[in-house]
Amino acid sequence: MRRLRNVKIVATLGPASSDYEMIRKLHEAGADVFRLNMSHGSHDEIRERHAIIRQIEGDLKSPIGILADLQGPKLRVGVFANGEEELVAGADFRMDLDSADGDVTRVNLPHPEIFAALEADAHLLVNDGKIRLKVKDCGADFANCTVITGGTISNRKGVNVPDVVLPLAALSDKDRKDLEFVCQLGVDWLALSFVQRPEDVLEARELCKGRAAILSKIEKPAGVTAFDAILEVSDGIMVARGDLGVELPVQNVPPIQKRLIRKCRAAAKPVIVATQMLESMIESPMPTRAEVSDVATAIYEGADAIMLSAESAAGAYPVEAVQTMHNVAMEVESDPTYVEVIEASRTAKRTSVADGIVAAAREIAETTDIKAIVCFTQSGTTAVLVARERPRVPILALTSQLSTARRLALTWGTNCVQIGTLERFKEAVVSAARAAREGGYATTTDQIVVTAGVPFNTTGTTNILRVAPCDERLIYSTDPG
């Protein structure tokens, strides 16, 4: 299914979007990738949604990406004798390992690893930062705090620790079980929550054994600090602004978002901007102007994908939310300023033959009357390199690997078509011309740019660029091989 926009849309599935009819509507409305949130739903529910996506993919003959999002280590307080208490600014409050029910003076925090890492003057944030505590003194099993910002604290509310790198295992026991389950099921991307260091990614990669691409979610200050090292070992990035905006001052998030997107683009690795993009559409058929501006900003910055969470998983208007994202993307990408901004922010460092080939393909496409860049790719590397260039013409990726086509559903501007294996370059050029015509990218009177690698069916061999006519008779009469 050809999209007329470049940015991709990720839609989270949930109670509001769990049957064939609704998931198909979401795909037809513009969702390119579906997110399965492992924090919610049983394995049976996840398996059923996965099967529906693959059925729709077959019915529409359109590769669809599936992203499984692991829950990650969740830090929560214990329970209160009264269910909840009201903390007042300036009061003392203690967190400890005592399993007794809490009261207005203390509560259980069943995470000794937090106490091991805490220091005086560190902050503890409860319930998405609504309650802020400052540590006065601490030990191996307690932290005596002062309430900086008060509010209602209740059973099992989440805790954030922004000031220290916690010695937490990157994957909980639940995450390990979920990882194996979704890899056996056959997902395309695996998202890791609360990544703090590159070792977190390497641990998941070892368990994954190449069955899915690894996407790191940046939602902690430690992840921002170690971002360059995390990016190097990741296949993609999600700027998860929810927890990031809790653990950092909210004014820090926009420049961080912009900086991370640029680094991902330079590294030719897809980046998703996520969390609260159209939050009001959970309950309203219309977004706020600020939300539309937020979505547009991510597109202007060159993000590969923008994501819906509760809007499509549990909201009252899931299809409308996808359509809104699609409409915003179409409007932004038709703006002449968009092209200027994208091209001004092109910062790729070219160090290989493949880098030079795709850069030349873009230059030729933009200086002559070329209708599309068609690239042959086994692993997807050539396609993401072409996408890094952010060309003004469509990118058509041809691959014999369905798994590659599915993973590329997350990459900017890439339209994927699965083909059979090829042995000769002339076959490739003919296949490229045919795919361009059948997809509506070009007619027999048009030309395309073709990139490929010889020998065929070998990863990492992009070494040929050909300007080709879309008329097959001309190809056969002019191509020697």
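Is lysine 61 buried or exposed? Select it and look: lysine 61 is exposed, with a relative accessible area of 72% (buried is under 20% relative accessible area, exposed over 50%, partly exposed in between, with a 1.4 Å probe and protein chains only). What you have open is a predicted model, in which local features need pLDDT of at least 70, side-chain atom pairs count only at pLDDT 80 or more, and totals for chains, interfaces and linings use all residues. Residues are numbered from 1 along each chain as its sequence is written, and side-chain values use heavy atoms, with hydrogens and water left out.

**Stay at lysine 61**

Colour the loop between α2 (43–60) and β3 (65–69), and you'll find lysine 61 in it. (Helices, H or I of at least four residues, and strands, E of at least two, are DSSP runs numbered from the N terminus.) Check the backbone here: phi of lysine 61 is near 50°, a positive value in a residue other than glycine.

**Hop to lysine 209**

Next, pick the loop between α5 (198–208) and β13 (213–218), where lysine 209 sits. Lysine 209 has a positive phi too, about 55°, and is not a glycine. Its side of the story on accessibility: lysine 209 is exposed, at a relative accessible area of 63%.

**Go inside**

Now hide the surface and select Phe34, Leu190, Leu192, Ile299 and Ile306, the residues with the most contacts inside the largest nonpolar core, which has 91 residues. (Such a core is a set of buried Ala, Val, Leu, Ile, Met, Phe, Trp, Tyr and Cys residues joined through side-chain atoms within 4.5 Å.) Helix α12 (residues 318–333) gives the most to this core, with seven residues.

Centre on leucine 190. Apart from neighbours within four places in sequence, its contacts include Leu67, Leu70, Leu179, Val182, Cys208 and Ile214 (contact means heavy atoms within 4.5 Å).

Then try Leu87, Val135, Val147 and Ile153: they are among the members of a second, separate core of 27 residues. In soluble globular proteins, nonpolar side chains tend to be buried together.

**Zoom out**

Buried residues make up 56% of the 481 residues. Of the contacts between residues at least 6 apart in sequence, 67% join residues at least 24 apart. Along the principal axes, the C-alpha atoms fill a box of roughly 85 × 45 × 45 Å.
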